[in-house]
Amino acid sequence: MRSAYSVETVRAAERALMARLPEGALMQRAAAGLAAACAELLGRVYGSRVVLLVGSGDNGGDALYAGARLARRGAGVTAVLLAPERAHAGGLGALRRAGGTVGPAPADSAEGLIESADLVVDGIVGIGGKGGLRPEAEALAGVVARSRAAVVAVDLPSGIEADTGQVRGAAIRADLTVTFGTYKPGLLIDPAREYAGVVRLVGIGLELPAEGELQALQHADVARLLPVPAAESDKYRRGVVGIAAGSARYPGAAVLAVSGALRGGAGAVRYVGPAAEAVIARFPETLVSDRGPAKAGRVQAWVAGPGAGDDAVTVAEVLDTDVPVLLDADGLRLAERDAVRGRTAPTLMTPHAGEAAALLGVRREEVEQARLAAVRELAAVYRATVLLKGSTTLVADAGGGAVRVNATGTPWLATAGSGDVLSGLAGSLLAAGLPARDAGSVAAYLHGLAGRFAADGAPVGAHDVAARIPQAWRDVHD
């Protein structure tokens, strides 16, 4: 599992470690890892042209010491200092002793230098940076964007916020980010994540708490969580999920939600709603009922809302049950907030950014720019687990704790009905007994993998994604 920690936590761990180490040892560890990553990216260090963009903080010092190491291996290294009077003195001295030079003042006068570089090292702003880049740094970001040089960011790209993943204006777009000690939330959450490129973690000996601010599941984590039937399993032990979805206008939503549940490992699916004929025609194993959720029969979890139109009565009936409930699409709009807040059984809400914005009473752009804050606020307001869909899907519990982040998705999943498949898949995991945060996290992971397998670089539909869920399941276990 990848864990990301807040700036405050990282700073505290750094102070504790520096108190036990010789002065400057921690920066040398970081610089050694940074130089090794730069050398690997360059391939051939001797004769290469490297430009360091150096701010006034420790990030600038890391860049200077790394530049000195590259210069000793034969690279031509030039430092562009954004604040010459505040540049790290030790790092600057090391660079000069190794044969490196200090270039012209930033922005326009450094443009030719940057455009002719093989590698640009971004050491402008560190993890404490907030509020966007200053004008001089913003101008340099534009120059870097127009160059053909490979770009390596020190700890995180300048212009992104470490704790939130927000990007306020221009930012450096890196090919590789070398981060020290631990991941930072902004490296794992969009919109900042897309600026980071490939992220490489360099260990520097930090001692961190067991749980971070953010967690990203890996294959092994998902494999441990996936419910696998035992020899004595039957359909009830595997989990029966109820699907209350679809309408005369949107019968396909019901079909897709059922497909996600069946491919997700449900022992059985009970369907209630007006799309029974369409569901049975596609999935004859589905158990259908026209008596509403309360009299549909035994279920271990409900999925309510996909394509439901204005059927608020059914949504309210589902919320009144004592089993886990997933709310999606129209169900999010139709559910009474107090009914959700008052539930004793788990509730998992799965909005996209537009739906989350409507629930919070803000603009969609505000959610997209501050996804971590939005998912936490929704979870707190509704006292529910919230899965905020998007390029990086986030899952937050009402009680706080680490937010889960998933990045297995692909832009090809942005297609009608894809969310309905995800709802059914997550509902099957709820019915199998997974806690809401685990069910949402695992479903997002498998859904993303299925989307990648289905698309493989080409357009796909939601039914294609559902069909690849078993392949994703196998891939995780293999």
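**Helix packing and local geometry**

Start with helix H3, residues 58–72, and helix H4, residues 89–97: their axes come within 8 Å and cross at roughly 15 degrees. An angle under 35 degrees counts as roughly parallel, so that is what H3 is to H4. Before going on, please keep in mind that this is a predicted model.

The crossing of H3 and H4 is left-handed. On the H3 side, the residues in contact are Leu64, Tyr65, Gly67 and Ala68, and they meet Gly90, Gly91, Leu92, Ala94 and Leu95 of H4. Sorted by class, that contact has 6 nonpolar and 3 polar residues, with no charged ones.

Now the other neighbour I want to show for H3. Helix H2, residues 25–42, packs on H3 with the axes 8 Å apart, at an angle of about 55 degrees. That angle makes H2 oblique to H3. Here the crossing is right-handed.

Which residues make the contact between H2 and H3? From H2 we have Met27, Gln28, Ala30, Ala31, Ala32, Leu34, Ala35, Cys38 and Ala39. From H3 they meet Asp58, Gly61, Asp62, Ala63, Tyr65, Ala66, Arg69 and Leu70. By class this contact comes to 12 nonpolar, 2 polar and 3 charged residues.

Helix H15, residues 353–360, and helix H17, residues 371–382, have axes that come within 11 Å and cross at roughly 50 degrees. H15 and H17 are therefore oblique to each other. H15 passes H17 in a left-handed crossing. In H15, Ala356, Leu359 and Leu360 take part, and in H17 they meet Ala374, Glu377, Leu378 and Tyr382. That contact divides into 6 nonpolar residues, no polar ones and 1 charged.

Next, the backbone. Most residues other than glycine have a negative phi, and most peptide bonds are trans. Two places depart from that pattern. Asp155 is not a glycine, yet its phi is positive, near 75 degrees. Asp155 lies in the loop between strand S6, 150–154, and S7.

The other place is a peptide bond: is the one from Asp190 to Pro191 cis or trans? The bond is cis, with omega near 10 degrees. Pro191 belongs to the loop that runs between strand S7, 176–180, and helix H7, 193–196.

Last, the side chains. Arg173 has its charged end over the ring of Tyr195, 4.2 Å from the ring centre. How many aromatic pairs are there, taking ring centres within 6.5 Å as the rule? The count is 0.

To recap the helices: H3 is roughly parallel to H4, H2 is oblique to H3, and H15 and H17 are oblique to each other. That is what I had.

Methods: Residues numbered from 1 in each chain as written. Predicted model: local features only at pLDDT ≥ 70, side-chain atom pairs only at ≥ 80, totals over all residues. Heavy atoms only, no water. Axes fitted to C-alpha atoms, helices over the stretch in contact; angles between N-to-C directions. Helix = DSSP H or I, 4+ residues; strand = E, 2+ residues; numbered from the N terminus. Parallel < 35°, antiparallel > 145°, perpendicular 65-115°, else oblique. Left-handed = near helix turned anticlockwise from the far one by under 90°. Contact = heavy atoms within 4.5 Å. Nonpolar A, V, L, I, M, F, W, Y, C, P; charged D, E, K, R; others polar. Phe/Tyr/Trp six-rings, centres within 6.5 Å; stacked < 30°, edge-to-face > 60°. Lys NZ or Arg CZ within 6 Å of the ring centre and 35° of its normal.
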